[in-house]
Structure formats: structure tokens, C-alpha cells
Amino acid sequence: MWSFAQELDNGGPDAFFYNASGRFAEQTVDALQAIAARDLAEALEEVIEGFPDGEVPDDQEERTEALDEVARELEDALERLREAYEDKGPERVRKATLRYWVAQTGGAPAE
């Protein structure tokens, strides 16, 4: 979740997939659902479904090639993901993630 938010803040949705954090796209959907960011989870799922065979490759080079291959078809889905993130509010996503972490572990993450 932290990487997802950081990538969207710094480079947008495509940066999430181009960088190492993109290999965790499907787990990020689960995390978004866990913090009750369902609209954001749905937008991320839509992008994932646009990858060849509906799967995001673990290997960064393969993932980059796959994203480049379908980039034109995913423009609208990537824009909807960006908008969903901005609508939810980056700070609200971070706070919800921290609340979830505290609820699960009983303490705040180390700085």
C-alpha cells in the first residue's frame, strides 16, 4: 500500500506498474479492499484485467513490455485509477492504511 500511494503520488498509475511495486498489483487490490477503498480497488482491477491474459507479470522487464503493449488500450483505465485515487484522497488512503496496520498489529509501523 505504501508503495502504491508513493508511486501514484510521484508518477501516476503507470509508474506503479513500471516500477518494482507493480509486481504486487493483485495484492494491492486485496489491501485496498481491506481498508475499505473499494472504488480504488475496482479501478486497479480494471487496469490489471487490461494486461495480456489479465495478469501483471512479476518480472519488471516483462511487466514493462506488457504495459507498453497495451498502453493505448489502458489509457482510460489508468486515468480512472488516477481519478479514483485523487477522489479518495492520498492522505485518506495513507490514514486508512495506518489504521488497518495498527488494528492488525497493535502498534504503529517503525519509522
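## Fold and overall form

From the N terminus on, the elements run α-α-α-α-α-α. The chain has six helices and zero strands; these are DSSP runs, helices being H or I of at least four residues and strands E of at least two, numbered from the N terminus. This is a predicted model: local features need pLDDT of at least 70, side-chain atom pairs count only at pLDDT 80 or more, and totals for chains, interfaces and linings use all residues. Residues are numbered from 1 along each chain as its sequence is written, and side-chain values use heavy atoms, with hydrogens and water left out.

The C-alpha atoms fill a box of roughly 45 × 25 × 25 Å along the principal axes. Of the 111 residues, 37% are buried (under 20% relative accessible area, 1.4 Å probe, protein chains only).

## The buried side of H3

Helix H3 spans residues 25-34, and Ala-25, Thr-28, Val-29 and Leu-32 in it are buried. They cover an arc of only 110° around the axis, so they lie on the same side of H3. The arc is that of the directions from the helix axis to the C-beta atoms.

Cover for these residues includes helices H1 (2-10), H2 (13-18) and H4 (38-50). After H3 comes Ala-36, with a positive phi near 65°.

## H4 against H5

The axes of H4 and H5 (residues 60-88) come within 9 Å and cross at roughly 170°. That makes the two helices roughly antiparallel (angles over 145 degrees). The axes are lines fitted to C-alpha atoms over the stretch in contact, with angles from 0 to 180 degrees between N-to-C directions.

In H4, the residues that meet H5 include Leu-40, Leu-44 and Val-47. Their H5 counterparts include Leu-74, Leu-78 and Leu-81. Contact means heavy atoms within 4.5 Å.

Terms used: Buried means under 20% relative accessible area, exposed over 50%, partly exposed in between (1.4 Å probe, protein chains only). Angles under 35 degrees count as roughly parallel, over 145 as roughly antiparallel, 65 to 115 as roughly perpendicular and the rest as oblique.
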